[in-house]
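Reader: Hi! Could you walk me through how two of the chains sit together?
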4 protein chains.
Amino acid sequence: MAKSKYEYVKEFETDDRLLRNVYILVRIDGKGFHKFSAAHQFHKPNDVLALSLMNHAARCVMHELDDILLAFGESDEYSFLFRRSTDLYERRQAKIVSTVVSLFTSAYVYYWRDYFPDKNRPLYPPIFDGRAILYPSEAEVKDYFAWRQADTHINNLYNTSFWALVENGGLTPKAAENRLSGTDSKAKNEMLFTEFNTNYSKLPAIFRKGSVLLRESVPKDQDKNAIIPILPETLPGSTSATAVPQLTPGQTSS
Amino acid sequence: MAKSKYEYVKEFETDDRLLRNVYILVRIDGKGFHKFSAAHQFHKPNDVLALSLMNHAARCVMHELDDILLAFGESDEYSFLFRRSTDLYERRQAKIVSTVVSLFTSAYVYYWRDYFPDKNRPLYPPIFDGRAILYPSEAEVKDYFAWRQADTHINNLYNTSFWALVENGGLTPKAAENRLSGTDSKAKNEMLFTEFNTNYSKLPAIFRKGSVLLRESVPKDQDKNAIIPILPETLPGSTSATAVPQLTPGQTSS
Amino acid sequence: MAKSKYEYVKEFETDDRLLRNVYILVRIDGKGFHKFSAAHQFHKPNDVLALSLMNHAARCVMHELDDILLAFGESDEYSFLFRRSTDLYERRQAKIVSTVVSLFTSAYVYYWRDYFPDKNRPLYPPIFDGRAILYPSEAEVKDYFAWRQADTHINNLYNTSFWALVENGGLTPKAAENRLSGTDSKAKNEMLFTEFNTNYSKLPAIFRKGSVLLRESVPKDQDKNAIIPILPETLPGSTSATAVPQLTPGQTSS
Amino acid sequence: MAKSKYEYVKEFETDDRLLRNVYILVRIDGKGFHKFSAAHQFHKPNDVLALSLMNHAARCVMHELDDILLAFGESDEYSFLFRRSTDLYERRQAKIVSTVVSLFTSAYVYYWRDYFPDKNRPLYPPIFDGRAILYPSEAEVKDYFAWRQADTHINNLYNTSFWALVENGGLTPKAAENRLSGTDSKAKNEMLFTEFNTNYSKLPAIFRKGSVLLRESVPKDQDKNAIIPILPETLPGSTSATAVPQLTPGQTSS
């Protein structure tokens, strides 16, 4: 059989193992989710069902891959933190990233109908992409999550203000954009309060601060490595403070 | 706002752009598909519906990514060949691999019910992983596909013989394995013919030679031993017929 | 002995083998050679002895490493082209680059006294750095050398003009710079001819076009792989046209 | 000018910046130094002048590159440790490795005549190669140096015993090899003491433990960043993990 004659092509495969003893962070992002959200009429500025489906898919990833310590989600992105010492797939980059992305996507489509029962499946298959980033120290990991959570805050305050102006204020999108241009966080908070009777800080934490999943010790009569969905409000004083990098909420306020 | 304080963490992202002007090959593989196939009672040695779903998912990938010239599938794996000059995502490796894997997975779950209507969705979300390999010359690309097709042939002849012995010959799996140990292709062909009245070369080409998707029309007078294209006319037409590496069929016969 | 206890640190070494079947190009550059040239009073705009020493060091590299096909030098840089199929050091990048740089540097210091006999050794140890670049096709290799040779031409015409103005024209460096600012090749040629009686095209080719070393077949009674220093003038019609990428001289004239 | 037409070849250069905030270790090795030592009749088992020249070259590297904290040498190899935070050459791997190797080689040839005045220069240019390795934590860095120092000990005890048998015991090299085969450290120590009247632990530390260079604070009336050669005796015993130079940051402040 001629098979062996061709096997030299395997020698073009490269070794992409990631440096040992550093944190591996995999971040996935929805591709074209502006269009995907519009096509499925996701509620603006946040759709709690869509976010819950994201969280469900992320939990599936954590259930499958034991070495993920923590995950953080906002909008159409999710970040997964692997333990420093993980030897998953010998730390091969493409294998790790592609497995996370595939499982997340698979679960997103699979569980769609549990969140949108009238639609059964999306109008078309959604796509996510992913990448791995290495962080040598815990300080950088904390700052990574602080960065993503600050991003959540900034985007959500803007979007909440924008859609208040458009949907309740009767402005055109263009006019709303102009109105918000150059305003700081304080101005947006006041506008929401005085014009739309909205106390921004009372909005659901999942919108303002994103979602956090963390793997924690639980009582022995339960599953050993249960994944505890953390209500974002509880993040700062979480009982898991010693187990995983903390997200210090004060850092994200303007 | 504190966001900028954390943005230094972006500097840990690395540039993973692939060398220019070489072929990019992305191969995806099902993860744990031995178990997945058993759980869904896929027909042995080949399940035409499962293979058709693989082909459907691969077509979705080709529809989305114009720079894929050719795809080859067998069992639970699929290989996608990008044109040398592609500048998709600036040739960023993780972006390309993760997008292909995500879309393939998404389509596999999405279209499942069109192939297995009584089940609506699989028993659990399937996972694929992926990797990129670079090939500088057309000769290596041809040999890559010859390698995968030789693999298809070897595996399928073995599996066809094995399941004939088990399902029609009444042997235990262990006995079938012993019977086939050390036999060459010719012996297996003769056994199938004399003992099971099966002319191996008349079995469907999709089982013996895998599936090929080309971004072009296939000439009607193509050699009968050639790889059988799967519904090539349903793929977007391309004027670049000569740009696609051809698989020379003679190379894969034993 | 405790040695084995520490050997895990070897696992942090990464595999840096370069893609197979593409050209490997190693370019080295003098570090701080503006200062080095001034300290040793190299003749301006070109010092034929300093260039000859560069060429000598490059020949040593080619003698040691059989898989180098061609080398091109100008000023304080040299480029070495390895054959596509080389398996030198299993194509390990750091090993290849560091060996070329070390040998070049070693030879430069070692043979210094043969070119500057009154000085015996330089005033301080010179340093070169290096890098590897991959080129998949012959077309890119040709264009690489055309690029370096065009660079030689541009720099040398400028420098020749500049030093004519300063040394023979009595201008200050600043005045010379201003005089040349914005002038094209034709203007510089005319200025050299009319004001300094210099026909630029008659200057030594080594100044105008750099130096080329190539490995060529020679008659059997000589060493099999002698390195032939090619006079740059003869480059276009070189007898080695089929053996190595040609440098087409017409491409480099303005 | 046609230069810009070729500049696309620059796009084939890749970004090889090393991960931030991890230690960069560059190790260089002599190429073919068994032959080089024999050709120059270096004293067996150790040549103090040859080792001193290695140390001199390493000091040159440390003088040039401020971000090297520590260097360790044995036989024909030297390891250089950069501070975690170094941004030398934007942490570009090829640039860092090639510069260290080039400077070391240059200094080795340059200062040769100061150690071997009767020879003026070596018989031929010596070559070193080099590589970079990343270590995320201080523990790994300590174990790296413990590993190299254990290697020094093992090799030197063997070589000392071997040459005692050959030069003073009258054995052939083959007979000496057989005599030592399978012996442990204790047996070699005893043999040296009883048969050759040599107390191994009294031999010069530079032979038994290698050479260490470290950048240390010095009195203000001296150069700010003087490099202090550390007598190997001052290193703790090599059998413990604490046997290596400490990386206490205070040592590097002036």
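Author: Happy to; here is a short chat about one interface.
This is a predicted model, in which local features need pLDDT of at least 70, side-chain atom pairs count only at pLDDT 80 or more, and totals for chains, interfaces and linings use all residues. Residues are numbered from 1 along each chain as its sequence is written, chains are lettered from A and ligands numbered from 1 in the order in which they are written, and side-chain values use heavy atoms, with hydrogens and water left out.

Reader: Which rotation superposes chain D on chain C?
Author: One of 180°, with 0.0 Å of shift along its axis and an RMSD of 0.1 Å. That is the relation of a two-fold axis.

Reader: How many residues of chain D are in contact with chain C?
Author: 62 residues of chain D contact 62 residues of chain C, counting heavy atoms within 4.5 Å. The copies meet through the same surface, because 94% of the interface residues of chain D are also interface residues in chain C.

Reader: And what area is buried between them?
Author: About 5500 Å², with carbon and sulfur atoms giving 59%; this is the accessible area (1.4 Å probe) lost by the two parts on being put together, summed over both.

Reader: Switching to charges: how many salt bridges cross the interface of chain D and chain C?
Author: The rule finds 8, taking a side-chain nitrogen of Lys or Arg within 4 Å of a carboxyl oxygen of Asp or Glu. One of the salt bridges joins D:Glu13 to C:Arg131, with the closest N and O atoms 3.3 Å apart.

Key: Least-squares fit on C-alpha atoms with pLDDT ≥ 70 in both.
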